[in-house]
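Student: Could you walk me through this model, one chain at a time? I'd like the cut-offs spelled out as we go.

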Amino acid sequence: MSFEKELEQGRFYIPECLECKKLVWPPSEFCDNCNEVTSLKKEEFEGKIIEFSRQNEEYFCVVEFGDSIRIMAKMMTLPKKDQIVKISKCGISEGSYFFQVI
Amino acid sequence: MSKVGIAAYGTTSFTKDDQKIETILHKSTNDLFQKNPNIDKKEIDAVLVSTNNNSKYLSPILSEMTGIQPKIAHSIESLCNSGTNSIVSAFSYISSGLADMVLISGAERYDSPGQILEWDNSRGEFKHPIFWASIFSKSYKQEYGISDEELAIVSVKNHKQAKENPNALSKKTYTVDEVMNSKKLTDDLRLLNCSRPCTGSASILLASEEIIKKYTDSPIWITGIGQKTTSAGFTKNTSLSSMESTKIAGQSALNMANHNISEIDVAEVHDAFSVCEPMILESLGFTDPGNGMDMIKNLHQTNNFKINPRGGLIGCGHPLGATGISQTIEIIEQLQNNAASRQTDNPKTGLIHNMSAAATSSTVLVLEK
């Protein structure tokens, strides 16, 4: 699975099932719908802010991509619910993924 | 299906002590046997250990330390609802006829690795539970017009109730102002809105109908079980202001027990954070959506201990693998009218709600005299 290799390079690509075309999240080599193999869909995804809160000066948000894929991401400016955002930074640090949106 | 009842129980106090997991497990099991010296250990067919601790082979170790040679011995881990999941497994062993008597012992240390679900990378760098709790709090407050001051009442009520529980971690009461002025963790969460990890253990002994009457004149029966897992990852929750797994598990347990929620006299619910209590009460059907805080305020004002009489997770502390068993012991004591100053008004039917990882999994039990 190359999802993490791409993420380490700062690229957020979502796996898509080669058979049924379902976007698969959390990232997996196999589709959770039809069990077939997935491949990364190499496009820039737009997300929508579902909810957010703030710790110190940083906002943390639940961001939805497509109609079912949700992540938690950092945002440095005040978010609005339903705001459309893009991943501005992502990667893996000490084994954990991180995402930032603008 | 044969009836399964609870024959005996034991517990430790919940503390911040640095003790070995084996020692903690042994202590609550020992308490059980000391309170019930007539129990014949040769009749114990299975020993189940509920914990998130990384130590291995804990059930055979506990069996050896307590002089039991069971047919079945293994651990069960499911983060925060490991305890009630162990009870469900024990129930299944007995009702299927594989066992007649099962010892379940749950224990955790204050530094449990079960507090953070490392697998859930969808949470990004926000893996600590305070982040999902903050999102739930923000969403719940906005959806139903609830204030931070109102949510603080959950903490005030449960610390007050924990003060009547000699085994609780918290020994203090707090005002709404003190909760509101406690350390700010996020814009939507203060320190006193949170349960605290701690060291503790709780054990119970389940038995078949045929055997249980040898050991107790007042058995408590497990009459309803409901479980539901909707996902492992927090971000898969479709609603951020209600708990889908709790709705389904609660209804399953009530259906199995042939009861309505209005017939539940006393309940222990999984208030990992203040916002969880109204969300759970609504998801179980105690109130309509958005009215959970009205029920909590009324209970607090009238000093009615119906919900979380032992002080909940916020007041008692939260030793993950022991929590569901400790909740169950509280309901047993309530139904046996042995809950001292926490006693509610002659309850006949009680409910336990225990959940994991932002309500991605819930277990609900119904107990009756």
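Student: What helices and strands does chain A have?

Tutor: Chain A has one helix and seven strands, where helices (H or I, at least four residues) and strands (E, at least two) are DSSP runs numbered from the N terminus. Along the sequence the pattern reads α-β-β-β-β-β-β-β. The radius of gyration of chain A is 14 Å, close to the 13 Å from the globule rule for 102 residues, so chain A is as compact as a globular protein of that length; the radius is taken over C-alpha atoms, and the rule is 2.2 Å times the number of residues to the power 0.38.

Student: Before I go on, what should I keep in mind about the confidence and the numbering?

Tutor: This is a predicted model, in which local features need pLDDT of at least 70 and side-chain atom pairs count only at pLDDT 80 or more, while totals for chains, interfaces and linings use all residues. Residues are numbered from 1 along each chain as its sequence is written, and chains are lettered from A and ligands numbered from 1 in the order in which they are written.

Student: Is A73(A) buried or exposed?

Tutor: A73(A), which sits in strand 5 (residues 69–75) of chain A, counts as buried because it has 30 C-beta neighbours inside 10 Å. The cut-offs are 20 or more other C-beta atoms within 10 Å for buried, 12 or fewer for exposed, and partly exposed in between, with C-beta atoms placed from the backbone. Buried residues make up 29% of the 102 residues in chain A.

Student: And which residues is A73(A) in contact with?

Tutor: Leaving aside neighbours within four places in sequence, A73(A) is in contact with C61(A), V63(A), F99(A), Q100(A), V101(A) and G124(B), a contact being two C-beta atoms, placed from the backbone, within 7 Å.

Student: Switching to chain B itself, in what order do the strands of its open sheet come?

Tutor: Nine strands of chain B form the open sheet in the order 3-2-4-7-1-8-11-10-9, with mixed pairing, and two strands pair if DSSP finds at least two bridges between them. Strand 3 and strand 9 (266–268) of chain B are the edge strands, each pairing on one side only. Within chain B, strand 8 (residues 220–229) and strand 11 (residues 361–368) run antiparallel and are joined by eight bridges; G226(B) has V364(B) as its bridge partner in strand 11 of chain B.

Student: Which residues of helix 2 of chain B are buried?

Tutor: In helix 2 (residues 58–66) of chain B, L58(B), S59(B), L62(B) and S63(B) are buried. Seen down the axis of helix 2 of chain B, these buried residues fall within an arc of 140 degrees, so they line one face of the helix; the arc is that of the directions from the helix axis to the C-beta atoms. Just after helix 2 of chain B, G67(B) takes a positive phi of about 75 degrees.
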